[in-house]
Amino acid sequence: MGLILTAPLITLFYIGDQVLGLPFIPFDLFDWLARILPGEVITRVIDVMVDLIITLNLGETSSAAKRMEQLLAILTMFGMGAASGVLLFAVRFVTPFWHFLLITALGAALGYISMLVNSTATADPMVSLIYTGLVFMLWGAAFGEVYARLKHLEPVYEGRSQAAIQSDLLDRRRFLVQLGSTSATLTIVGAGLGRMLRIEPETITLQINSEPEVTAESLAQIREGLPNADADVRPAPGTRAELTAVEDHYRIDINSRPPRIGQEDWRLDIQGMVLEPQRISISDLINDYEPVDQYVTLSCISNPVAGDLISTVVWTGIPLMRLLDAWGVAPGATHMFIESIDSFDEYLDLSIPRHDERVMLCYAWNGEPLPQANGFPLRIYIPDRYGMKQPKWITRITFQEGGGDGSWVRRGWSEEALVRATSVVDTISADHAYERDGVTYVPVGGIAYAGARGISGVEVSIDDGPWIKADLRDPLSGLTWVLWRYDWPFEPGEHSFVVRAVEGDGTGQITQRNGTRPDGATGLHSKSVNIEGAI
Ligand SMILES: Nc1nc2c(c(=O)[nH]1)N[C@H]1C(S)=C(S)[C@@H](COP(=O)(O)O)O[C@H]1N2
Ligand SMILES: [Mo]
């Protein structure tokens, strides 16, 4: 009964969400649970999801994971519905009214908490509140009513004929079937209705007008070609794009849907051990400081070897070092505590930005304002660290003495989160072979990455043969991946290609296979192909 009544509940929320931008409680509830459940549980779920995606080949990890998360959210809602049904039959109040109250209160309480803690709704909060309450009241009323009907239909056995009891049971069964089909009809019709009437999600277009040359400069630089445009080593055909298009940048965060921040309402709160607490608008940040552009590769600590949770774009922002001076951060402050709108948080040891100019507060990618999903309007960049140490959607920074554990560290992930060196075979471009001096060559290539430590070498081994040096393309910057290439003298048949990288200081890539948790994946990538064709 709980399950049957929960399907139309979800549909009602779906319609509200699609048509009016009202809260979709299943997602809000799930996101809230993800926040309060022990880190161990969350981490297990993530691990299983990533494994499933890779094993079942479900496509690009970020979006497959989001879809899976959303499915989990719906299942969780059903679980809650079933639990409510069980609770109802366990309590067995006397009147349906009390049942109505019990279920309404339970649903609304969970709904409200999760909605208030975190909602991606675009509708007016008051309307959202009323709507959510009404939907749960309807749900409670349905529970109360159905419970009463079932109770009424409970067969009386004493002193009655077999036939009479049978007929009672039949009535009861008929009622349940009716209820089920009504619920199914409502759900399907509702879902269709929601789809039909849906409004396209509001697109927020930000203009950083005040400093147009920032955008223009970065754009021009991109149009004119990359800083390594005339590098000798060309990428092997089929190697991933050296510069990721912003819309192709991976996305990982704790939200089913990205939080929405209005540029006008947003302020950055600066507080703690500073000369004077401040609230800064994004245009102040953009106007008051000379922007810096950096080509940056960002990777998620959940990126498996050769996974796609790694991307490279131009980050535009302000060196934090300069801001520390401008804000008058006390020398005694050792850490900054960064808080985000999605209640994500992280600490940064101030000795890092005090010595490394490349740490920046960033507001643009590839010359455009940050996308909503990637931290609009402000995020931080810290070289050499996985994404988990680098909050998006920053709203407050507190300077203090002493640090602590940030959101993902509390959930059991690495405290330092220094990126592990990695290398990947992207392509064995048999369709781009060429001949020279009577030999047929097949370009083989991919990426190698070791954060800000850089890559000094890449080697390839074919069919477990000796390690051969690959050519390295000049990287976009010292903070990005390096494209490598090896032109392989072709032999037909099945072959395996293994790649390994050497970091800037000569340290070899860790060959031991390790999963992503807690420090990031290690191990070598290999790719096998069977190539047909005559020499
Ligand atoms: N506010 C906030 N910032 C966050 C996160 C988050 O969940 N909330 N996730 C972090 C993680 S784990 C990664 S890998 C990067 C990903 O940034 P991207 O989605 O722009 O690629 O954001 C980081 N910053
Ligand atoms: Mo991440």
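Mentor: Trp139 and Phe143 are both buried.

Trainee: What makes a residue buried or exposed?

Mentor: Buried stands for under 20% relative accessible area, exposed for over 50%, and partly exposed for what lies in between, using a 1.4 Å probe and protein chains only. This is a predicted model, where local features need pLDDT of at least 70, side-chain atom pairs count only at pLDDT 80 or more, and totals for chains, interfaces and linings use all residues. Residues are numbered from 1 along each chain as its sequence is written, chains are lettered from A and ligands numbered from 1 in written order, and side-chain values use heavy atoms, without hydrogens and water.

Trainee: How many aromatic pairs are there, and what makes two rings a pair?

Mentor: There are 15. Phe13 and Phe136 form one, at 5.4 Å centre to centre and 55° between the planes. Rings of Phe, Tyr and Trp (its six-membered ring) pair with centres within 6.5 Å; planes under 30 degrees apart are stacked, over 60 edge-to-face, the rest tilted, so this pair is tilted.

Trainee: Which parts does the pair tie together?

Mentor: Phe13 is in helix 1 (residues 2–20) and Phe136 in helix 6 (residues 125–152), so the parts joined are 123 residues apart in sequence. Phe13, at 0% relative accessibility, counts as buried. Phe136 does too, at 1%.

Trainee: Why is the pair of Trp139 and Phe143 called edge-to-face?

Mentor: Because its planes are 90° apart, with 4.9 Å between centres. Ring pairs link Phe13, Tyr131, Phe136, Trp139 and Phe143 into a cluster.

Notes
Helices (H or I, at least four residues) and strands (E, at least two) are DSSP runs, numbered from the N terminus.
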